[in-house]
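Let's take a walk through a protein model together. Have a look at the picture, then read on.

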Amino acid sequence: ALVPPEGARWVAWIAADPDGDVVNGALWLRQRSAAPAEFSPLASGLAASPYALDDSKLAEGIWEIRIDVDDGATNGTILQLNDSDTAYPFVVDHTPPRIETRRGAGNGGNEGPALLEIAATDASGTIARGEYALDAAAGPWNPLPCKDGICDTPAESFRLDLPDSAKSLDVTIRVTDSAGNSATLSVAARDRKEGNQDAGSVPLLGPAPGAVRGLPPSGFRQR
């Protein structure tokens, strides 16, 4: 799959002309608000899809993109035909999730002091995945499944029960949201053993390594 540049998302469209004329596109952008704003020009003279949109300087919130296409390159401005459509709204989210941990209660000896209950919340999007690493925040990262089986809501919980061989090691938790923002939280082994009930939260701004952010493609047809 084609991966957008780091920090960008793809804007994709489909434009076809039955006569085989050259079709060029122009993109327009606006933020959705209570008082509808006018679209502002984003890019023009686009001969092909997709376009990499760097949203790092856009304010958080819901945005809309409009695509205008025409065959003026073949037929000239007087005879050109054109079409326009608005893509699916998308969310710009720069805020990482918040992570909180609590030592899980044992239930008969199978679960020792290394059992952690982890709660993650995201203000603008949804939680996408959880991971953990032992003794080093740089990894290797191990998958940490959501307790309900799938990460797809703004609030998710996780459960980490380390084997006996790892109960003396520090643990780093990493949670990533649907926009690629991630937060990490380190929990020392002594805190787990001593029953520290709240290890706090340490957010880390920016997309997680390998995170891919994209905008669903919208179809456009030339009249």
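## A strand and its partner

W10 sits opposite A52, a residue of strand β5. Keep in mind that this is a predicted model. The two strands involved are β1 and β5 (residues 51-54), and they run antiparallel to each other, paired over 4 bridges.

Now look at the two sides of β1, which spans residues 8-11. In a regular strand, side chains alternate between the two faces of the sheet.

## The disulfide

How many disulfides does the structure hold? There is 1, and it joins C146 and C151, whose sulfur atoms are 1.9 Å apart. If the term is new to you, a disulfide is a covalent bond between the sulfur atoms of two cysteines.

This one is right-handed, because the torsion about the S-S bond of C146 and C151 is about 100°. Are the two cysteines buried or exposed? The cut-off for buried is under 20% relative accessible area. C146 has 5%, so it counts as buried, and C151 is buried too, with 19%.

## The whole chain

Zooming out, the protein chain has 18 strands and 2 helices. Of its 223 residues, 39% are buried.

What about contacts along the chain? Among those with a separation of 6 or more, 68% link residues 24 or more positions apart.

Definitions and conventions:
Residues numbered from 1 in each chain as written. Predicted model: local features only at pLDDT ≥ 70, side-chain atom pairs only at ≥ 80, totals over all residues. Heavy atoms only, no water. Buried < 20%, exposed > 50% of the residue type's maximum accessible area, 1.4 Å probe, protein only. Contact = heavy atoms within 4.5 Å. Disulfide = S-S within 2.5 Å. Pairing = 2+ DSSP bridges.
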